[in-house]
Amino acid sequence: MNKSSFLKNLNGKTPPDLNLPSFKRSVFEDKTKAFAKNLKKAGGEAIIISQENEIENEIKKLFPNAKKIASIYEYEIASVNPNLIKDPKELKDIEIAIVKGEFAVAENGAVFINEEKNRHRAVYSICKHLIIITDKNKIVNTMEEAYEKIDPKTLKYALFISGPSKTADIEQTLVIGAHGAKSTTVFLV
Amino acid sequence: MNHRIKAREFLKDKEHANWHDKALWFVREKRDAAAKSLKEWEDLREAAQKIKEHTLKHLGYYLDEFEKNASEKGIKVHFAKDAKEHNEIVYKILSKHKVKRVVKSKSMLTEECGLNPYLKERGIEVIDTDLGERIVQLREEPPSHIVLPAIHLKREQIGKLFEEKLHTEKGNFDPVYLTNAARRDLREKFLTSQAAITGVNFAVSESGSIVVCTNEGNADLGTSLAKVHIACMGMEKIVPKLAHLGIFTRLLARSATGQAITTYTTHFSSPPEGKELHVIVVDNGRSEIIKNKKHEKILSCIRCGACMNTCPIYRRSGGHSYSYTIPGPIGSALANARDLKNQADLSFASTLCGSCSSVCPVKIDLHHQLLAYRKEYVKKFAPLSKKIPYKIAFFILKNEFVLKTLSKTGNLFYPLLEKIPLWGEGRKIPKPAKKSFKEIYREKYEQK
C-alpha cells in the first residue's frame with residue numbers, strides 16, 4: 001500500500017515541541033572504574049594502558065596462540081584486513097578482530113562504535129574474540145549523554161557493544177558466546 | 001473461554017509449574033535490582049511515557065518523516081496495511097533475490113503476521129536464530145514469552161530435542177554444551193542464507209534509523225552476512241529523536257532481564273555497500289486501536305516482558321495458555337483490543353493486583369486496561385448466565401440492608417462456593433467468621 005493511503009487515518013500535522021521534564025541523571029565519580037565494573041558485569045573486561053603501542057603486546061599476552069587476527073588498522077599482529085575482502089563470509093575463521101570505539105558509557109560498560117571506513121559490519125559479530133580500543137578520557141556517564149554525542153544527520157550504521165555475546169535461553173542459565181564474540185576486551189588508552 | 005482450560009493443563013505438572021513460577025520471579029527480582037540501582041528510574045519511566053504518548057498522537061507526521069529520512073539514506077521503506085500485505089512484500093523481496101533460505105532474529109510482528117508458515121508454503125526456509133526461538137521452532141510450537149521464548153522448557157527437554165535434531169550426545173543436558181551445539185549448527189545457517197529478517201525495537205524519525213537490540217548477536221551476524229536485510233516493524237515503534245533512545249535504552253534491558261543494556265544495540269540507517277535494506281511498516285489493526293483514546297496507550301509497549309515476569313497468573317499458567325501471539329497482561333490487552341468478543345477471557349486472566357502496571361517501563365495502566373475490557377465485554381457480549389449474577393451482585397452490594405442480612409444467612413452457604421463448576425475449582429474458601437469486623441469493632445471500642 002502506498003504511503004499516503006497508509007498515513008491517511010493518522011494525524012500528520014506538524015506536532016508542537018515535546019518538552020520533557022528535566023531531572024538529575026546518575027553521575028559517576030570515577031567513570032573509568034564504573035565502566036570497568038559494569039563491563040565486567042556484562043561479561044567483558046577492561047584493560048587500561050598508557051599508550052596505544054602497548055596493545056599488540058597485550059593482545060599477544062591474552063591470546064598467545066591466535067593466528068587469524070583481523071583489523072582495518074595497521075597493526076603488525078593483524079594478518080587480515082577485512083576491507084580487502086569482498087565477501088564477509090570469508091571472515092568466518094577470524095579469531096580476533098581489533099576495532100575502534102568512539103567513546104564508552106560508564107553506566108553499562110558499552111562502547112559506541114561508528115567506523116565509517118569499515119566495509120564489513122560482520123567484523124563485530126563473526127570473530128571469536130573482540131578487541132575494542134577507545135579513549136579513556138572519553139567516557140560518558142549515561143546513555144542520554146551518549147546520544148547527545150551522536151549526530152542524527154550523519155548516522156549510517158553504528159552500534160553499542162557491551163561485553164561478549166550471551167544467552168540465557170536454557171533455563172535462565174547464562175552462557176557466554178551465543179552467536180557473536182565469545183569474549184570482549186576493551187582497551188582504554 | 002479457554003485460558004483457564006489451558007492453564008489447568010499447565011498446572012497438572014505441579015513441580016514444573018512451580019519451577020516456571022520461580023524462574024520468572026527470578027527475572028523479576030533482577031529487574032527490581034536494576035531499577036533500584038538508578039535513582040532516576042521513575043523519572044525515566046515518566047519521560048518514556050510522555051514520549052510514547054506524544055508520538056502516538058502525531059504518528060502520521062513521525063512516520064512520514066521517518067520514511068523521508070530513511071529513504072534519503074538508502075533504506076527502502078514499505079507500508080503494509082495488514083498481515084497479508086506484509087507477508088506479500090517480504091515474499092516479493094525474497095523471490096526477487098531468489099532466496100531459498102533466510103535467517104530471522106526475534107520479531108513478534110512476524111509471529112503476529114504468520115510469516116514463517118507463509119514463506120514455508122512458498123518453498124522458502126526460515127531459520128529462527130535467537131536460541132530460544134530456535135528451540136521452539138524445532139519443537140514446532142510458538143514462543144511462550146516475548147523475551148524468553150523457551151522459558152516453559154527445562155534443560156532435559158531441550159537436551160532431548162537437540163539429541164534428535166542436532167545429534168548431540170545422549171543425556172548431556174548442560175546449557176553450555178547445548179548452546180555451543182546450537183551455535184555451531186546456526187553458524188552454518190548464517191553462512192548459507194541469502195537474506196536476513198529482523199524485528200525492530202525502535203525506529204527513529206529524525207535520523208531514519210531502525211534499532212535492533214539483542215544479547216546473542218544473531219541480528220548483527222545475520223544482517224551483516226546476507227545480501228538483503230528486511231526489518232519488520234509495527235507502526236508504533238517510532239520515536240521522534242535519536243536523543244529519546246537515551247531514555248529507552250536505559251529502560252529496556254533493565255526491565256526485561258535486569259541487564260544495564262543488551263550486548264548489541266545496533267542502529268541501521270543505510271545498507272552496506274552493494275546490499276539492500278528494506279523496512280516494512282505494518283498497521284494490521286493498530287490505527288484502529290489509536291482511534292480508541294481509552295486504549296490507545298497499549299501501543300506504547302516496548303516489549304520488555306516485565307509485566308509477564310511479575311504476573312501471578314502468567315507465572316502460574318505459562319505463555320501457551322494465552323490464545324494470542326503475545327501473552328501476559330500486555331498481550332491480553334492487545335488481544336482484547338483486536339477481538340473483544342472472542343478474547344475476553346484474557347481480560348479475566350488477571351488478579352488485577354496491579355503489579356504489571358507498577359513495573360511497566362512506559363507506565364501503561366495495564367490492570368485498568370484489563371478491567372475496562374471486562375466492563376466492555378460484559379456490556380456488549382456477556383451471556384445472560386454471566387449478566388444475571390452480575391446484576392444480582394450489583395443489587396446486593398448497593399443495598400446495605402440486603403448485604404447485611406445476606407452476609408449473616410449467607411455464611412451457611414459459604415462453603416458451597418467451592419462447589420461452583422470452574423469458578424470454584426482450586427479455590428480455598430476460608431471459614432466464615434462468626435462476627436463481622438464491624439461487630440467486633442463496636443464491641444471493643446464503642447461500648448466503652
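**Contacts between domains and chains in a predicted two-chain model**

Let me begin inside chain B, where 23 residues of domain 1 are in contact with 20 residues of domain 2; two residues are in contact if their C-beta atoms, placed from the backbone, lie within 7 Å. This is a predicted model, in which local features need pLDDT of at least 70, side-chain atom pairs count only at pLDDT 80 or more, and totals for chains, interfaces and linings use all residues. Residues are numbered from 1 along each chain as its sequence is written, while chains are lettered from A and ligands numbered from 1 in the order in which they are written.

On the domain 1 side of chain B that touches domain 2, the elements giving two or more residues are α3 (41-57), α6 (108-113), α12 (244-256) and α13 (286-291). Helices (H or I, at least four residues) and strands (E, at least two) are DSSP runs, numbered from the N terminus. The most comes from α3(B), with six residues. By class, this side of domain 1 of chain B holds nine nonpolar, five polar and nine charged residues. Here Ala, Val, Leu, Ile, Met, Phe, Trp, Tyr, Cys and Pro count as nonpolar, Asp, Glu, Lys and Arg as charged, and the others, Gly among them, as polar. The C-alpha centres of domain 1 and domain 2 of chain B lie 23 Å apart; the domain bounds come from an automatic or database domain assignment.

I turn now to the two chains. Between them, 64 residues of chain A are in contact with 74 residues of chain B.

Which strand of chain B pairs with β8(A)? The partner is β9 (residues 264-268) of chain B, antiparallel over five bridges, where pairing requires that DSSP find at least two bridges between the strands. Within β9(B), Tyr264(B) is the bridge partner of Ile161(A).

Finally, the backbone. Most residues other than glycine have a negative phi. Glu171(A), however, has a positive phi, near 50 degrees, and is placed in the loop between β9 and β10 (175-176) of chain A. Because Glu171(A) has 19 C-beta neighbours inside 10 Å, it counts as partly exposed; a residue is buried with 20 or more other C-beta atoms within 10 Å of its own, exposed with 12 or fewer, and partly exposed in between, with C-beta atoms placed from the backbone. In chain B, Lys363(B) has a positive phi near 55 degrees.
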